[in-house]
Amino acid sequence: MRLETERLILRELTNEDFAAWYEILSDAETMQFYPAPFDEEKVRQWISWNLENYQTYGFGLWAVLLKEENRFIGDCGITMQYIHGQMLPEIGYHIHRNEQGRGYASEAARRCIRYALEERNLPAVYSYMKYDNLASCRVAQKNGMRLVETYPDDRNTFTRVYAITREEWLTTHVSAPNE
């Protein structure tokens, strides 16, 4: 699987991505909305989980590379997640802290939404995050997702859920080949 945008390449994660991936997922600032940064074993499990997702669902979180430099800067993709008791397709992402604020998460997420809704014909996609993760809320909003629920939970205090349906996407987005 390979997806592209104007500035990015999204491809399947591999075990060879471990070192670059560990640098991102072990960083406390990047992982501030998780219970803790990942250790080496957790990063290996993360890669394995995604390899399993590719086999099971045909999608998962994909490596995000800067096209010009072919440099790994994070992940973005679709995973099946329990969101308030339902298993739903979720758009998620992690971008290296030195690359945040440049629109890469929004660009990658937009391409993943397009893939999910136009190419996979999923009826809707979701993004969920801790209530105070305002950067992730903005990414969802930039891509036409709307807040559909906020619920209390033990892990996040409150979780916000954003969604966009296939119908909403198709009526509001004209997709370019590398969008």
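**Rings, cores and cysteines**

Analyst: Searching the whole structure turns up 8 aromatic pairs. Rings of Phe, Tyr and Trp (its six-membered ring) pair if their centres lie within 6.5 Å; planes under 30 degrees apart are stacked, over 60 edge-to-face, and the rest tilted. Keep in mind that this is a predicted model: local features need pLDDT of at least 70, side-chain atom pairs count only at pLDDT 80 or more, and totals for chains, interfaces and linings use all residues. Residues are numbered from 1 along each chain as its sequence is written, and side-chain values use heavy atoms, with hydrogens and water left out.

User: How are Tyr-34 and Phe-38 arranged as a pair?

Analyst: Edge-to-face, with 5.8 Å centre to centre and 85° between the planes.

User: Is Tyr-34 buried, exposed or partly exposed? And Phe-38, buried or exposed?

Analyst: Tyr-34 is partly exposed, at 26% relative accessibility. Phe-38 is buried, at 7%. Buried means under 20% relative accessible area, exposed over 50%, and partly exposed in between (1.4 Å probe, protein chains only).

User: Which rings make up the cluster?

Analyst: Ring pairs join Tyr-34, Phe-38, Trp-46 and Trp-49. Phe-38 also has Lys-42 over its face, 5.3 Å from the ring centre. A charge sits over a ring if NZ of Lys or CZ of Arg is within 6 Å of the ring centre and within 35 degrees of the ring normal. Likewise, the charged end of Arg-44 sits over the ring of Phe-18, 4.0 Å from its centre.

User: New topic. How many residues are in the largest nonpolar core?

Analyst: It has 48 residues, and Leu-10, Trp-21, Trp-62 and Val-125 have the most contacts inside it. Such a core is a set of buried Ala, Val, Leu, Ile, Met, Phe, Trp, Tyr and Cys residues joined through side-chain atoms within 4.5 Å. Helix α3 (residues 104-119) gives the largest share, 9 residues.

User: What does Val-125 touch?

Analyst: Among others, Pro-89, Ile-91, Met-145 and Tyr-162, not counting residues up to four places away in sequence. Contact means heavy atoms within 4.5 Å.

User: Last one. How many disulfides are there?

Analyst: The search finds 0. For Cys-76, the nearest cysteine sulfur is that of Cys-112, 3.7 Å away. A disulfide is a pair of cysteine sulfur atoms within 2.5 Å.

User: Why is Cys-137 too far for a bond?

Analyst: Its closest cysteine sulfur, in Cys-76, is 16 Å away. Cys-137 is buried, at 3% relative accessibility. Cys-76 is buried too, at 0%.

Definitions and conventions. Helices (H or I, at least four residues) and strands (E, at least two) are DSSP runs, numbered from the N terminus.
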